[in-house]
Amino acid sequence: MKNSLVIIVFGLLFLSACNKKENQFDATGIFESTEILVASEVGGRIVKWEIEEGQKIEKNFLAAVLDTVPFQLQIEQIKASKKALFRKTADVKPQVRVIKDQIEVQNSQLRTLLKEKSRFEKLVNADAATKKQLDDIIAQIDVVSKQIEVSNGQINVAESNVGTQNKSVLSEVEPLDRKQDILLDQIDRCKIENPIAGTVLTVYAHEGEVTGPGKPLYKIADLDNMILKAYVNAEQYAGLQINQDVKVFIDQSDKTFEELVGQVYWISSEAEFTPKTIQTKEERNNLVYAIKIRVKNDGKIKLGMYGEVKF
């Protein structure tokens with residue numbers, strides 16, 4: 001019985017020594033995450049608020065809506081201004097219609113004179129009319145033809161003058177259109193859509209409050225994909241590669257660790273002095289390199305928690 005106890009105790013001591021040896025890590029770091037401070041791009045009263053601290057929300061989730069009434073009223077004012085401008089424009093059609101009616105009369109006169117000319121030419125050839133009578137008709141034809149030409153010119157002048165006048169008035173419409181586009185864009189920005197999938201860490205506003213451009217509304221972080229920032233010495237640095245898989249350990253109890261899989265996705269290209277809160281494999285090294293390891297989180301990793309690394 002005594003021999004059995006001795007064997008058991010010896011075995012436990014051996015296992016303890018093995019565990020202690022296995023728990024020698026290459027680097028230690030602190031877990032952080034991608035945090036985003038969400039703010040509104042426009043100011044206004046919050047009329048809809050759909051989030052709270054600790055809530056998990058998806059990307060593009062409609063987190064909040066600001067009051068759009070002030071912008072909509074400005075748009076209505078712009079529409080009224082545009083209507084007033086269109087009422088100031090002149091309509092050339094009535095003026096052109098009068099001139100065209102006049103031209104129609106002149107064309108009728110010209111057709112009659114042309115018939116008379118043809119008739120008198122025959123009479124003159126038959127010595128039944130004088131050459132002067134024919135010349136008088138030809139002169140009248142020339143006068144009416146010039147009148148028709150002048151009337152057509154009046155149409156062109158009227159259309160040009162009215163077009164210039166209307167162009168001057170309507171030149172004010174385009175700036176109003178652009179201002180309306182800006183207001184429509186601001187209305188669209190009144191909808192606060194969540195930028196990333198993650199967990200709401202802190203809420204800075206609530207429904208009914210008035211916020212301003214750039215004022216924080218809430219902070220969100222991707223806690224499903226944690227980042228372990230650790231530091232390595234020059235010897236370790238030389239052997240590391242981007243996308244290299246490493247072993248990451250977190251505390252499971254006072255003496256045990258849980259092993260996770262991590263991947264190195266960033267390695268600093270410049271050395272820096274050893275941070276006081278970070279331990280390295282060899283504490284005598286004054287210069288170290290920062291690395292970042294991406295670790296999938298099943299909910300056990302918390303922000304600010306320490307993590308151990310084995311390469």
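Tutor: Let's settle a term before anything else: a cavity here is a set of grid points where a 1.4 Å probe fits but cannot get out, and its volume is the space filled by probe spheres set on those points. Keep in mind that this is a predicted model. Searching the whole structure turns up 1 cavity of 30 Å³ or more, and the largest cavity holds about 30 Å³ of space.

So what lines it? The residues around the largest cavity are Ile46, Tyr204, Ala205, Glu209, Val210, Thr211, Lys215 and Leu217. Sorted by class, that lining comes out as 5 nonpolar, 1 polar and 2 charged residues.

Val210 and Thr211 are among the lining residues, and strand β8 covers 210-211. The sheet in question is open, with 4 strands in the order β6-β5-β3-β8 and antiparallel pairing. Its edge strands are β8 and β6 (191-193), each of them pairing on one side only. Over at the β6 end, β5 (residues 62-66) is joined to β6 by 3 bridges, and the two run antiparallel.

Now step back to the whole protein. There are 6 helices and 15 strands in total, and 32% of the 311 residues count as buried. Among contacts with a separation of 6 or more, 76% involve residues 24 or more positions apart.

Conventions: Residues are numbered from 1 along each chain as its sequence is written. This is a predicted model: local features need pLDDT of at least 70, side-chain atom pairs count only at pLDDT 80 or more; totals for chains, interfaces and linings use all residues. Side-chain values use heavy atoms; hydrogens and water are left out. Buried means under 20% relative accessible area, exposed over 50%, partly exposed in between (1.4 Å probe, protein chains only). Contact means heavy atoms within 4.5 Å. On a 1 Å grid over the protein atoms alone, a cavity is a set of points where a 1.4 Å probe fits but cannot get out, and a pocket is an open set with protein on both sides within 12 Å along at least five of seven lines; lining residues have an atom within 4 Å of a point. Ala, Val, Leu, Ile, Met, Phe, Trp, Tyr, Cys and Pro count as nonpolar, Asp, Glu, Lys and Arg as charged, and the others, Gly among them, as polar. Two strands pair if DSSP finds at least two bridges between them.
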